[in-house]
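Here is a report on one protein chain, written for reading beside the model. Please keep the sequence and the 3D view open.

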Amino acid sequence: MRRTRWTTVLACLVTTAVISFVLFDLVLRHRGWVPGLTAWGAAVAVVMTVLVLVAGLAVRRLREHRETWMTPIGAAVTAAGAQASALVGVLVGGVYAGELVVAVLAPSSPAMCSLVWAAGGCLLACLAWSAVGLLVEHWCAIDMSDDDEDGGGRGSEVPGSGAPA
């Protein structure tokens, strides 16, 4: 599995924000309203952030050969979950960013002021979710220092030292 590049994350955020801005702006212009937000989006993003961070810390303990509840299979699942969190966090955050821009640019009203606060809070929570996903993905990355010390396996063969034909 390849690690997620920050440019990919940024491109997903910008693309989703632009598309959602255009759609929310069209709804506002033609229908006169924008779908409202509640704090549930931020609450879900915060819960996911905590879950990914706890699993990531357990993976760090596993890689340091310290006592932990994490297994190697669990570490692989955590790595996949961290990558998914990085991408889903910015995709959902892009929707909130588009709605935030629409609410800021719309004529001032109590409903738009409330939408600004809700969209801003949800956007910050989603960005934190994505950032933690990238961090945990970094913690889960496997390099050559993670190989076993016993020298066994396929990695210990010297090139060109095969059996004579």
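## Contacts of T16

T16 touches L91, G94 and V95, leaving aside residues up to four places away in sequence. The model is predicted. T16 itself lies in helix α1. Is T16 buried or exposed? T16 is buried, with a relative accessible area of 16%; that falls under the 20% cut-off for burial.

T16 and G98 are 82 residues apart along the chain. In space, their C-alpha atoms are 7.7 Å apart.

## G98, seen from helix α3

G98 is found in helix α3. Its relative accessible area is 1%, so G98 counts as buried.

What does G98 touch? Its contacts are A17, S20, F21 and F24, not counting residues up to four places away in sequence. From the side of G98, the C-alpha separation to T16 is again 7.7 Å.

## Overall fold

The chain has four helices and zero strands. Read along the sequence, the pattern is α-α-α-α. Helix α1 covers residues 6–31. Helix α2 runs over 40–63, and α3 over 72–105.

How much of the chain is buried? Buried residues make up 35% of the 165 residues. Contacts across the sequence are counted too. Among contacts with a separation of 6 or more, 77% join residues 24 or more positions apart. The accessible surface of the chain comes to about 10,700 Å². Carbon and sulfur atoms hold 69% of that surface.

## S85 in helix α3

S85 is also placed in helix α3. With a relative accessible area of 4%, S85 is buried. S85 touches V52, W129, S130 and G133, not counting residues up to four places away in sequence.

How far apart are S85 and A45? They are 40 residues apart in sequence. Their C-alpha atoms are 9.4 Å apart in space.

## Salt bridges

How many salt bridges does a search of the whole structure find? The search finds two. One joins the side chains of R29 and D25, at 2.7 Å from N to O. Both residues lie in helix α1, four residues apart, about one turn of the helix.

R66 is partly exposed, with a relative accessible area of 44%. E64 is partly exposed as well, at 38% relative accessibility. Both values lie between the 20% and 50% cut-offs, so neither residue counts as buried or exposed.

## The loop between α2 and α3

Where is H65? H65 is in the loop between α2 and α3. H65 has a positive phi of about 60°, although it is not a glycine. At 75% relative accessibility, H65 counts as exposed. That value is over the 50% cut-off.

## Aromatic rings and a charge

How many aromatic pairs does the structure hold? The structure holds zero. A charge over a ring is a separate matter. R60 lies over the face of W139. The distance from R60 to the ring centre is 4.8 Å.

## A nonpolar surface patch

Which residues form a nonpolar patch on the surface? The patch is made of W6, L10, V14, V18, I19, V22, L23 and L26. Together they have about 780 Å² of accessible area.

L26, one of the patch residues, is placed in helix α1. At 41% relative accessibility, L26 counts as partly exposed.

## Points to check in the view

A few items can be located directly in the model.

- T16 in helix α1 and G98 in helix α3, with C-alpha atoms 7.7 Å apart.
- S85, buried at 4%, with W129 and G133 among its contacts.
- H65, exposed at 75%, with its positive phi of about 60°.
- R60 over the face of W139.

Note on methods
Residues numbered from 1 in each chain as written. Predicted model: local features only at pLDDT ≥ 70, side-chain atom pairs only at ≥ 80, totals over all residues. Heavy atoms only, no water. Helix = DSSP H or I, 4+ residues; strand = E, 2+ residues; numbered from the N terminus. Buried < 20%, exposed > 50% of the residue type's maximum accessible area, 1.4 Å probe, protein only. Contact = heavy atoms within 4.5 Å. Areas by Shrake-Rupley, 256 points an atom, 1.4 Å probe, with all protein chains shown as cover. Salt bridge = Lys/Arg side-chain N within 4 Å of Asp/Glu carboxyl O. Phe/Tyr/Trp six-rings, centres within 6.5 Å; stacked < 30°, edge-to-face > 60°. Lys NZ or Arg CZ within 6 Å of the ring centre and 35° of its normal. Patch = residues over 30% accessible without salt bridge, like charges linked within 9 Å, V, L, I, M, F, W, Y side chains within 5 Å.
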